[in-house]
Amino acid sequence: MRSINARLGVLSAVIALSLCASTVAGIAQQATPSDLVDALNGLFGKHPGDRAAHTKGICLSGKFTPSPEAPKLSKAAHFAKEVPIRARFSLGGGDPNAPDNAQDNVRGFAIKFDLGNGANTDLVTISAPVFNAKTPELFVELLKTVAGGDKDKLNAFFATHPESTRQNAWLMSHPVPASYAGVDYFGVHAFTFTNSAGEQTLVKYHLIPEAGEPGLTPDEAKAKGSDFYADELKERLAKGPVVFDLVALMGKKGDPTSDPTLRWDDEDNRPTTPLGKISIEAIVPEATCDAGIFLPANVTDGIAGPADDLIFAARSPAYIVSFTRRKQTQ
């Protein structure tokens with residue numbers, strides 16, 4: 001039987017992508033959206049009515065206020081005016097009782113911008129700057145290997161695919177976040193912005209908490225227990241909004257866009273451009289978020305996702321499979 005530590009040790013592999021499946025033709029033994037959801041269920045179990053991944057979370061409401069610099073990079077509608085948002089903090093994996101105090105689990109922050117007249121666009125981020133599989137097929141293989149419980153096979157997978165260890169290494173080099181509101185979140189994919197003049201800029205997203213990034217020592221995390229984020233956030237919001245600065249990490253010619261397990265060279269020291277402020281104002285019923293989906297590929301005019309990133313292409317179709325299945329069980 002697979003140990004709890006083994007299960008937690010792969011959570012970082014599961015969270016970021018949540019649900020992915022390849023929709024790009026021409027790949028042998030191509031993973032389908034259903035394959036991805038089935039693999040997640042195989043590892044974490046089926047929980048009718050719940051997401052297959054990022055199951056445990058908190059639904060939120062607030063607003064986005066763009067910076068003066070944002071329209072210079074992109075003609076996206078939400079960079080031109082303040083808009084309402086719906087958002088969700090979450091823990092990775094498909095366990096509805098995932099422990100808040102696990103160090104090796106990514107935190108998620110998904111945002112839906114209301115553009116008016118029924119239109120919207122999404123931003124899906126995690127608390128690590130990389131994912132840990134190059135392709136949907138490798139992600140399925142990883143999930144199945146972990147679910148099988150054979151430590152030697154898992155070690156062999158990581159030996160063959162060392163890029164799959166980068167996300168866990170990042171998480172284990174950082175303390176357990178003391179709050180959803182006090183951790184940096186990253187978009188692991190590269191996006192191309194186009195402004196009204198037709199000028200294009202390659203960027204990655206980074207969300208920086210204005211509260212800073214406080215972490216817990218191992219003893220503090222243990223003392224907090226497995227379920228403290230919701231109460232902490234309620235207390236924090238009672239004092240005022242939770243604010244994040246959304247910035248664009250500026251790309252340059254030659255930066256890779258096809259592999260979300262890679263960081264750009266000297267990424268931490270790259271120039272950034274402020275895009276605006278995310279202000280979380282209230283916790284709302286989870287049904288508010290469950291009524292729809294946060295889709296990584298739901299972009300709007302002025303923003304384009306990477307055409308050569310198989311993980312990016314795979315995510316939204318599998319999110320839709322998961323959404324359909326959970327609605328059928330409600």
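What follows is a chat about salt bridges in this predicted model.

Trainee: How many salt bridges does the model have?
Mentor: To count, a Lys or Arg side-chain nitrogen has to sit within 4 Å of an Asp or Glu carboxyl oxygen. By that rule the count comes to 18.

Trainee: How many residues apart in sequence are the parts that D227 and K56 tie together?
Mentor: The two side chains meet in a salt bridge, N to O at 3.2 Å. D227 lies in the loop between α8 and α9, and K56 in the loop between α3 and β1, so the parts tied together are apart in sequence by 171 residues.

Trainee: Which strand does E286 of helix α10 get tied to through R88?
Mentor: E286 and R88 form a salt bridge at 2.6 Å, N to O. E286 lies in α10 (residues 286–290), so the pair ties that helix to a part 198 residues away in sequence, namely strand β2.

Trainee: Which residues are linked with R88 in a network of salt bridges?
Mentor: R88 is buried at 4% relative accessible area, while E286 is partly exposed at 24%. Linked with R88 in the network are R51, E286, D290 and R326.

Trainee: What is the relative accessible area of E267?
Mentor: E267 forms a salt bridge with R263, closest N and O atoms 3.2 Å apart. R263 is partly exposed at 27%. E267, though, is buried, with a value of 8%.

Definitions and conventions
Residues numbered from 1 in each chain as written. Predicted model: local features only at pLDDT ≥ 70, side-chain atom pairs only at ≥ 80, totals over all residues. Heavy atoms only, no water. Helix = DSSP H or I, 4+ residues; strand = E, 2+ residues; numbered from the N terminus. Buried < 20%, exposed > 50% of the residue type's maximum accessible area, 1.4 Å probe, protein only.
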